[in-house]
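Subject: Structure for your review

Dear colleague,

Please find below the structure that I am handing over to you, together with its sequence. My notes on the findings follow it.

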Amino acid sequence: MSDTEHQSQNPENPENTSRRKFLGAAALTGLAGAGLATGLAALDPVEAKEEEAEEGGESCKFEVPPGQLDDYYIFSSGGHSGEARIYGSPSGRTLKRIPVFNIDPMVGWGITNESKKVIGTKPDGSLKYITGDTHHIHGSYTDGTYDGKYLWINDKIHGRLARIRMDYMECDKITELPNIQGFHGLFPDKRDPVDPKINHTTRVFCGGEFHVPLPNDGRDLDDPKKWGCLFTCVDAESMEVRWQCKLSGNMDLVATSYDGKLAAANQYNTEGGAVYTDMMSAEHDAVVFFHIERIEAAIKAGKSFTIGDSKVPVVDGTKEANQDPKTALVCYVPVPKNPHGVNITPDGKYFVSSGKLSPTASVTATELVYKWFAGELKNPRDAVVAEPEIGLGPLHTGFDDKGNAYTTLFLDSQIVKWNIDKAIAQFKGDKKIQPVLDRIDVHYQPGHGYTSMGETKEADGKFFNSGNKFSKDRFLPVGPLHVETEQLIDISGDKMKLIHDHTAYPEPHDAIIVRRDLVKTRQIYNMDDFPNAVKNFADSRVERNGNKVTIYLASIAPMYSMTDFKVKKGDEVTIILTNHDKVEDLTHGFAIPKYDICFIVNPQQTASVTFIADKPGLYWCYCTHFCHALHLEMRSRMLVEPA
Ligand code: CUK
Ligand code: CUA
Ligand code: CA
């Protein structure tokens with residue numbers, strides 16, 4: 001029994017019990033407001049409880065009462081907000097936004113020197129990009145499950161991969177991938193493809209969706225035949241690009257096998273079309289499988305080339321160059337029309353991709369892909385062991401711990417539950433077998449769907465979250481753009497049950513549901529991790545070097561270490577601020593009027609900003625984050641003398 005269930009059924013929690021009575025009474029008597037007292041008095045508590053079980057009582061089972069903690073974290077990508085988000089589940093509580101590719105004045109992301117260095121700057125010191133589009137977020141693995149170390153998230157607009165360290169829940173590295181556009185799917189490997197001793201993530205794979213001239217330098221603008229897509233491997237620790245693989249067709253989503261040997265991507269534009277009508281002209285597209293060990297051996301042997309200015313080695317994974325299975329780097333498995341999504345079952349046996357324009361899901365057996373690479377399976381299409389009809393517009397699939405798959409149906413606005421073994425038996429010829437077990441309406445048009453721990457070998461079959469693209473009438477209207485709905489579904493029984501709707505700011509895409517014991521965050525920074533830390537209050541000073549001035553400042557509630565500091569008009573000013581408070585959550589802010597400076601320093605953290613003091617006058621630097629009874633009094637002054 002989980003903590004949540006235990007807590008919500010605990011009769012000793014008076015607050016909870018009275019609330020349940022309230023719900024039960026209201027449901028039974030139909031009374032509301034003033035009449036409720038009469039209804040309550042007339043009620044047998046046992047009767048109330050039974051009634052409650054029928055009327056919306058299901059979701060009460062998953063209620064997280066005030067003061068109690070959720071069982072899971074949901075890490076979600078925020079779409080073209082450019083950020084990542086953290087929710088609690090099953091409550092749906094919003095916990096945190098992690099700025100990544102965007103600017104966030106709350107924490108000073110994109111404003112402090114430290115964050116600008118991660119995001120990347122132009123020669124003039126301004127940010128290289130201020131936009132990003134995050135679609136997919138995945139965690140690092142050890143032994144087939146999350147190890148709580150890193151999250152990776154993509155930027156589709158500029159083709160960047162970002163890493164978030166999970167101890168502080170902060171982005172620490174961003175890498176721009178060369179010669180690609182529309183970087184869409186990503187997935188970390190789950191162990192080393194060669195060395196069995198390395199059982200954790202060492203690489204992150206990135207699929208390029210849009211084909212472009214290679215290099216994209218102004219040549220071949222009118223000749224799509226000469227354009228191409230690259231699959232990119234990034235080192236998980238250094239975040240440097242290790243290699244790329246040139247493909248026939250494009251890539252959408254990415255998945256990896258549990259043994260580290262394979263990465264897969266679905267391809268919807270095998271036609272190489274430049275307009276949608278061409279992109280949907282073929283009856284079959286493909287799921288492509290990358291043989292990681294062979295690709296890396298080819299690079300070691302120098303069988304690679306480079307593109308344009310990039311020094312990254314590229315191998316040839318095109319169809320023409322990979323006809324002989326025994327030496328092939330990639331295997332193209334044909335699947336019906338414009339497939340979407342590719343997900344691996346928790347036992348590692350099957351990759352499931354959805355039809356999108358075909359009402360089917362395709363199940364490809366990992367073992368048979370290896371057989372093709374070994375030259376023992378003639379036709380790669382024979383690696384497909386099931387293709388059940390599941391409904392209209394299938395997109396993404398999550399898995400439970402009982403061999404069932406849950407696929408989002410965009411056009412039907414449903415989640416369909418189907419059994420993989422039954423689908424395989426049906427495909428083998430037993431037409432009496434019906435693999436579809438259940439359907440549930442969702443509201444509306446689901447995109448991604450994912451289960452609790454479903455992308456690990458510890459899939460637990462408890463929850464499925466449906467990330468819906470349209471909410472229509474589910475929430476109060478807030479102007480032209482509606483909030484999005486995330487719907488939590490109980491998948492622990494035979495029938496799926498809707499637990500609740502929660503809102504998400506536009507525009508969430510994918511997410512993962514991670515058991516809370518796998519996430520271990522730190523609340524206090526280590527001052528030694530910041531080379532520029534102002535370690536002692538006594539070190540506070542103004543240091544001048546020509547027209548460059550550095551202000552060494554520290555904070556401890558409710559004061560800064562200097563009541564004021566003087567600079568001259570035209571100076572390039574760098575303010576370094578170290579927070580000496582050690583108490584959890586004792587964060588201070590720092591804002592300077594008219595200079596557009598606003599950031600925070602968490603306990604024992606150091607942050608810095610650099611700007612030109614171009615306006616003479618007195619500027620109150622004040623603490624923006626409520627920290628103390630004397631928070632308003634926590635100030636310093638920047639005095640800018642005329643030149
Ligand atoms: S994918 Cu990115 S557009 Cu994650 Cu189904 Cu939707
Ligand atoms: Cu320090 Cu508010
Ligand atoms: Ca197509």
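**Aromatic contacts**

Tyrosine 141 and tyrosine 146 are both buried. In this predicted model, the structure contains 19 aromatic pairs. One of them is the edge-to-face pair of phenylalanine 62 and phenylalanine 463, with 5.4 Å from centre to centre and 70 degrees between the planes. Phenylalanine 62 sits in the loop between α5 (57-60) and β1 (72-77), whereas phenylalanine 463 belongs to strand β27 (residues 463-468), so this pair ties together parts that lie 401 residues apart in sequence. Phenylalanine 62 has a relative accessible area of 9% and is therefore buried, the cut-off being under 20%. Phenylalanine 463, at 4% relative accessibility, also counts as buried.

Tyrosine 141 and tyrosine 146 form an aromatic pair as well; it is tilted, with the centres 5.3 Å apart and 40 degrees between the planes.

**Ligand sites**

Which protein atoms are the donors of the calcium ion (ligand 3)? They are Tyr268 (O), Glu271 (OE), Glu271 (OE), Met279 (O), Asp285 (OD), Asp285 (OD) and Asn338 (OD1), and they lie 2.2 to 2.8 Å from the ion. Along the chain, the donors of this calcium ion follow the spacing Y-x2-E-x7-M-x5-D-x52-N. Two of these residues may be described further by their accessibility. Methionine 279 has a relative accessible area of 21% and is partly exposed, while aspartate 285, at 3% relative accessibility, counts as buried.

The surroundings of ligand 1 consist of His135, His136, His184, Leu253, His340, His396, His448 and His509. Divided by class, this shell holds 1 nonpolar residue, 7 polar residues and no charged ones.

**The largest pocket**

The largest pocket has a volume of about 1600 Å³. It is lined by 43 residues, of which Lys96, Tyr168, Glu170, Tyr525 and Asn602 are the closest to its centre. By class, the lining comprises 18 nonpolar, 12 polar and 13 charged residues. Among the elements of secondary structure, β3 (94-99), α6 (113-119), β7 (170-176) and β38 (606-612) each contribute at least two residues to the lining of this pocket.

With kind regards

Definitions and conventions. Residues numbered from 1 in each chain as written. Chains lettered and ligands numbered in written order. Predicted model: local features only at pLDDT ≥ 70, side-chain atom pairs only at ≥ 80, totals over all residues. Heavy atoms only, no water. 1 Å grid on protein atoms, 1.4 Å probe; cavity = no way out; pocket = protein on both sides within 12 Å on 5 of 7 lines; lining within 4 Å. Points joined across faces, edges and corners; volume = space filled by probe spheres on them. Helix = DSSP H or I, 4+ residues; strand = E, 2+ residues; numbered from the N terminus. Nonpolar A, V, L, I, M, F, W, Y, C, P; charged D, E, K, R; others polar. Near = heavy atom within 4 Å. Donors = N, O, S within 2.8 Å, 3.2 Å for Na, K, Ca; no water. Buried < 20%, exposed > 50% of the residue type's maximum accessible area, 1.4 Å probe, protein only. Phe/Tyr/Trp six-rings, centres within 6.5 Å; stacked < 30°, edge-to-face > 60°.
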